[in-house]
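Keep the viewer open and take the points in order.

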Amino acid sequence: MTENTTNLTVRTDRRLVRAIHHSTRYALVEITAPPANAAPVRPRVNVAFVLDRSGSMGGRNKFDLARDALREGIERLAATDRFAVVVYDTEIDVVAPGRTADATAKEAAIRRLRDVGPRGGTNLSGGWLRGAEQVSSALDPEAVNRVLLLTDGLANAGITDRTELERHAGELRARGVSTSTFGVGEDFDERLLGAMADAGGGAFRFIANAAEIPALIRSEVGELLEVTAKDVELRISGPDGLRVEPLAAYRFERSARGGVLHVGDLVADQVVRLVLAIGFPLGEPGRDVGVEFAIRDRAGSLDGSATLAWAFADGIANDHQSRDRDVDRVVARTYADRALRDAVDLNRRGEWDAARTNLAAVARKIHRYAGHDEVLRGIVAELEREAEAWSVARMEIDRKQMYSRSAYALKSRMPDGAAQRRP
Amino acid sequence: MPDYSLSELSALTGLPVRTIRYYVAEGLIPSPGKEGPSTRYPDTTLARLRLILRLRDAHQPLAAIRARLESLGDDEVIALAGTDTEQPRPGSALDYVRSLLAGETPAASEERAPPPSYVEPDADILAAPSYPLPSEIEPPASMPPPRPGAALGERSHWDRVVITPDIELHVRRPLSRPANRMVDRLVAFARQLKEEE
């Protein structure tokens, strides 16, 4: 069953739920952002570029490449935008305080950036917060207010605790400032940068080789300039006792009969597919249970709702109902990506058995409902291969590749981390 | 502003259609005028029904609920029905950042939900979901007391299976598979008896 409005589609794997036992069903929600020409003027951008200048950034030309990419990014801003540039090592320098992106400001910032070179340790939190301060001091509810943080190392000065930084990123997001992060090479902490971007409502991008720095910054600045839906929220509501659990990496505020999923900013034609696990209360056989899905954004370019109805039925009817295989495939892929992301962490900690067992367990669960479906069987086979592959020590670069691949997939992003768009 | 059919209202609140009609007849929610298959009810009717449910759960008699509803405007009903409106956020982004830069710990605006746990794609075959159910957090007052000897904090809860409006089966979950099958058979048998009546 599919419910449609222009920008929102909702489907489920199974239409029947058990009357006298608690069922879990999956809703596959697809959100499509409006095209660029739908909005006459793009939202203004209020951005801080935060650049790691610690000693290690001197290797492989990383700092020079990042600086060039930053210059290019600044040049693309319009005179209605605002920007700031912050560089940090142990010390934090506001190279260009937040101001309107007119020609004079751009030239001055680029000139001052030329004199900056790599040195010292990594006060990641200090640099990031200075950037957030520049954005916050001219916070514009109509604009895309964002900090772009690029680093190649571990936070070793200032606030270094991952959970704490993640929490601050979430708090700032709730106050209107989002954070995107770029990790270069193999020495940064992808769990920190991934968590900051997830909580911060921005994107995390992995840059394996220094040579990719310009392309990835270009892509991110491009997306910043193409936002057509701001602070997108998906609101889910149904009867009392309904329990919603998102499987994707977005912030979720639970309420008594559903909750609100914060999808963040979407760029022109961006497509986001996300899976929600829905736990149902008990009910009388034959009666329907409806769940309403509504999207909206701050710019008012997205506004729609869809109601999906399930029917309570006895055990036999439940056991023999048909399945929507497309939904099954996305659900299985999502569980696989979550397990792969977790395997990276277990592998790094040397918990080989746990890495193998977890992946194998998810493979077994998918196998149970895969039947003859080739896509599902393919996922099972992939997980069985990966279960072996992650039960021996892996190179750090492999871990980063796998983490970013699964993190991108869990945010409906392309294998290079760019937004997925409507063809 | 969305509007709803009678069956949509029923599905969204869990209230049977006949109960909603009864509330209309009793004047708890405004009459839509002539009722037919195409009749639409406004957003505020959904909010009213949810408020009724909330008051009913607090064991308020119908007369008291009616009096309460009569005294409220639509906006107040929506506010009290607990639509998922945003929480006010303490402090601006700038205040928050500046207090962090000054080395202070700013007040968090809300409790964060725990990270999602693994839920099995076919979890309904196994009786117990992997998260606490609402009834586990707030058991209705009519619940029987926990069975003697039940360990404190044991992850279990009571479910009410309605056979007729006056007869319910109470099931303590999680249950083993054989016990679940027994519940299935008991309920099937009870419903068969009901049909024979």
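Where is B:Val171 found? The first point takes that up; bear in mind throughout that this is a predicted model.

1. **A valine in chain B.** B:Val171 sits in strand 4 of chain B, the run covering residues 167-173. Is this residue buried or exposed? B:Val171 is buried, because 22 other C-beta atoms lie within 10 Å and 20 or more is what it takes to count as buried. Setting aside neighbours within four places in sequence, B:Val171 is in contact with B:Trp158, B:Asp159, B:Val161 and B:Val183. Take B:Val183 from that list: B:Val171 and B:Val183 are 12 residues apart along the chain, and their C-alpha atoms are 8.1 Å apart in space.

2. Have a look at the peptide bond from B:Arg173 to B:Pro174: it is cis, with omega near 5°. Most peptide bonds are trans. As for its place in the fold, B:Pro174 lies in the loop that links strand 4 to helix 8 (177-196) of chain B.

3. **Chain B as a whole.** How many helices and strands are there in chain B? The tally is eight helices and four strands. Going along the sequence, they come in the pattern β-α-α-β-α-α-α-α-α-β-β-α. Chain B has 197 residues, and 18% of them count as buried. If you take the contacts in chain B between residues at least 6 apart in sequence, 49% join residues at least 24 apart.

4. **Where a helix of one chain meets a helix of the other.** The crossing is left-handed. On the chain A side, the contact is made by A:Leu129, A:Ala132, A:Glu133 and A:Ser136 of helix 3. Helix 6 of chain B brings B:Ala93, B:Leu94, B:Val97, B:Arg98, B:Leu100 and B:Leu101. By type, the residues of this contact split into seven nonpolar, one polar and two charged.

5. **One sheet in chain A.** Six strands of chain A make an open sheet with mixed pairing, in the order 7-6-5-8-9-10. Which strands stand at the edges? They are strand 7 (92-100) and strand 10 (201-207) of chain A; each has a single partner strand, so one side of each has no neighbour in the sheet. From one strand to the next, the twist averages 10°. Further in, strand 5 (residues 45-52) and strand 8 (residues 144-151) of chain A run parallel and are joined by seven bridges. A:Val47 stands opposite A:Arg146 of strand 8 of chain A. Helix 2 (residues 103-114) of chain A lies across strand 6 (82-88) and strand 7 of chain A, and runs at about 170° to strand 7.

6. **Another sheet in chain A.** Chain A also has six strands in an open sheet of order 3-17-16-11-14-13, again with mixed pairing. Its edge strands are strand 3 (16-18) and strand 13 (251-255) of chain A, each pairing on one side only. The twist here averages 25° from one strand to the next. Within this sheet, strand 11 (residues 227-237) and strand 16 (residues 288-296) of chain A pair in the antiparallel sense over five bridges. If you want one pair to look at, A:Glu233 has A:Arg296 of strand 16 of chain A as its bridge partner.

7. **Two positive phi values.** Most residues other than glycine have a negative phi. A:Asp269 has a positive one, near 65°, and is found in the loop between strand 14 (258-267) and strand 15 (271-279) of chain A. A:Ser412 has a positive phi too, near 55°, and lies in the segment after helix 11 (396-410) of chain A. A:Asp269 counts as partly exposed because it has 18 C-beta neighbours inside 10 Å. A:Ser412 likewise counts as partly exposed, with 18 C-beta neighbours inside 10 Å.

Technical notes. Residues are numbered from 1 along each chain as its sequence is written. Chains are lettered from A and ligands numbered from 1 in the order in which they are written. This is a predicted model: local features need pLDDT of at least 70, side-chain atom pairs count only at pLDDT 80 or more; totals for chains, interfaces and linings use all residues. A crossing is left-handed if the near helix is turned anticlockwise from the far one by less than a right angle, and right-handed if clockwise. Two residues are in contact if their C-beta atoms, placed from the backbone, lie within 7 Å. Ala, Val, Leu, Ile, Met, Phe, Trp, Tyr, Cys and Pro count as nonpolar, Asp, Glu, Lys and Arg as charged, and the others, Gly among them, as polar. A residue is buried if 20 or more other C-beta atoms lie within 10 Å of its own, exposed if 12 or fewer, and partly exposed in between; C-beta atoms are placed from the backbone. Two strands pair if DSSP finds at least two bridges between them. Axes are lines fitted to C-alpha atoms, for helices over the stretch in contact, and angles run from 0 to 180 degrees between N-to-C directions.
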